[in-house]
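Hi,

Here is the structure I promised to pass on. Have a look at it first, and then read on for what turned up.

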Amino acid sequence: METAVSDWNTQIIDEFRANEGRVGGPFEGAPMLLVHHVGRKSGKQTVSPMMYLQSDDDPATIYVFASKAGAPTHPAWYFNLVAAGRATVERGTQTYDVTVAELTGDDRDRVYAEQASRYPGFAEYAEKTAGVRVIPVLALTRV
């Protein structure tokens, strides 16, 4: 399973970089970025492609969602980003550093609801995780 996810991510990363941040397939037209993070246990540098939501209030802030497609556990990248508090992102043709902060309570719920209204798959992920876990929302703010 890990190898399949790794291969899938590698294809998305390659396509993203070859097309100035745009990808096709199930993510065609969706806002995508690549997040560089370091494993909190392994120390290994990893790049994870993910969808994001631009903040309406702050042009320097974007939100990412630790949905893991509705799996019962948080993705490893979530733990890595929270532990580090910083990361580097590739967005379009730009690469820049960000700080990482987790949203909670009403702020988290408002941002997640907006993402789910734009991309119904996120509503499905929330249904799958109901009673199991709350899908975290992280704010990535340009340094």
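Keep in mind that this is a predicted model. I'll begin with the strands. Strand E6, residues 94-103, runs antiparallel to E7, and the two are joined over 6 bridges.

Next, the packing. The largest nonpolar core counts 19 residues, and Tyr 63, Phe 65, Val 111, Tyr 112 and Val 137 have the most contacts inside it. Two or more residues of this core come from each of helix H1 (2-18), strand E1 (32-38), strand E4 (61-65), helix H3 (105-118) and strand E7 (137-142). There is also a second, separate core of 17 residues, with Val 35, Ala 87, Tyr 96 and Leu 140 among its members. As background, nonpolar side chains in soluble globular proteins tend to be buried together.

What does it touch once neighbours within four places in sequence are set aside? Its contacts are Tyr 63, Val 64, Phe 65, Ala 101, Glu 102, Leu 103, Arg 108, Val 111 and Tyr 112.

Now the aromatics. How many aromatic pairs does a search of the whole structure find? The count is 6. In one of them, the rings of Trp 8 and Phe 27 have centres 6.3 Å apart and planes at 55 degrees, so this pair is classed as tilted. Trp 8 belongs to helix H1 while Phe 27 is in the loop between H1 and E1, so the pair ties together parts 19 residues apart in sequence. Trp 8 has a relative accessibility of 42%, so it counts as partly exposed.

Tyr 112, already mentioned for the largest core, makes an aromatic pair with Phe 122 that is edge-to-face, at 6.3 Å centre to centre and 70 degrees between the planes. Since Tyr 112 sits in helix H3 and Phe 122 in helix H4 (residues 120-129), this pair links parts that are 10 residues apart in sequence. Both Tyr 112 and Phe 122 are buried. They also belong to one aromatic cluster, together with Phe 65 and Tyr 125.

Tyr 96, listed above in the second core, has a charge over its ring: the charged end of Arg 142 sits there, 3.9 Å from the ring centre.

Lys 68 is not a glycine, yet it has a positive phi of about 50 degrees. Ala 69 is not a glycine either, and its phi is positive at about 55 degrees. Lys 68 is in the loop between E4 and helix H2 (76-84), and Ala 69 is found in the loop between E4 and H2 as well.

Last, a residue from helix H1: Gln 11. With a relative accessible area of 54%, Gln 11 is exposed. Gln 11 and Lys 128 lie 117 residues apart in sequence, and their C-alpha atoms are 26 Å apart in space.

Best wishes

Definitions and conventions
Residues are numbered from 1 along each chain as its sequence is written. This is a predicted model: local features need pLDDT of at least 70, side-chain atom pairs count only at pLDDT 80 or more; totals for chains, interfaces and linings use all residues. Side-chain values use heavy atoms; hydrogens and water are left out. A nonpolar core is a set of buried Ala, Val, Leu, Ile, Met, Phe, Trp, Tyr and Cys residues joined through side-chain atoms within 4.5 Å. Buried means under 20% relative accessible area, exposed over 50%, partly exposed in between (1.4 Å probe, protein chains only). Helices (H or I, at least four residues) and strands (E, at least two) are DSSP runs, numbered from the N terminus. Contact means heavy atoms within 4.5 Å. Two strands pair if DSSP finds at least two bridges between them. Rings of Phe, Tyr and Trp (its six-membered ring) pair if their centres lie within 6.5 Å; planes under 30 degrees apart count as stacked, over 60 as edge-to-face and the rest as tilted. A charge sits over a ring if NZ of Lys or CZ of Arg is within 6 Å of the ring centre and within 35 degrees of the ring normal.
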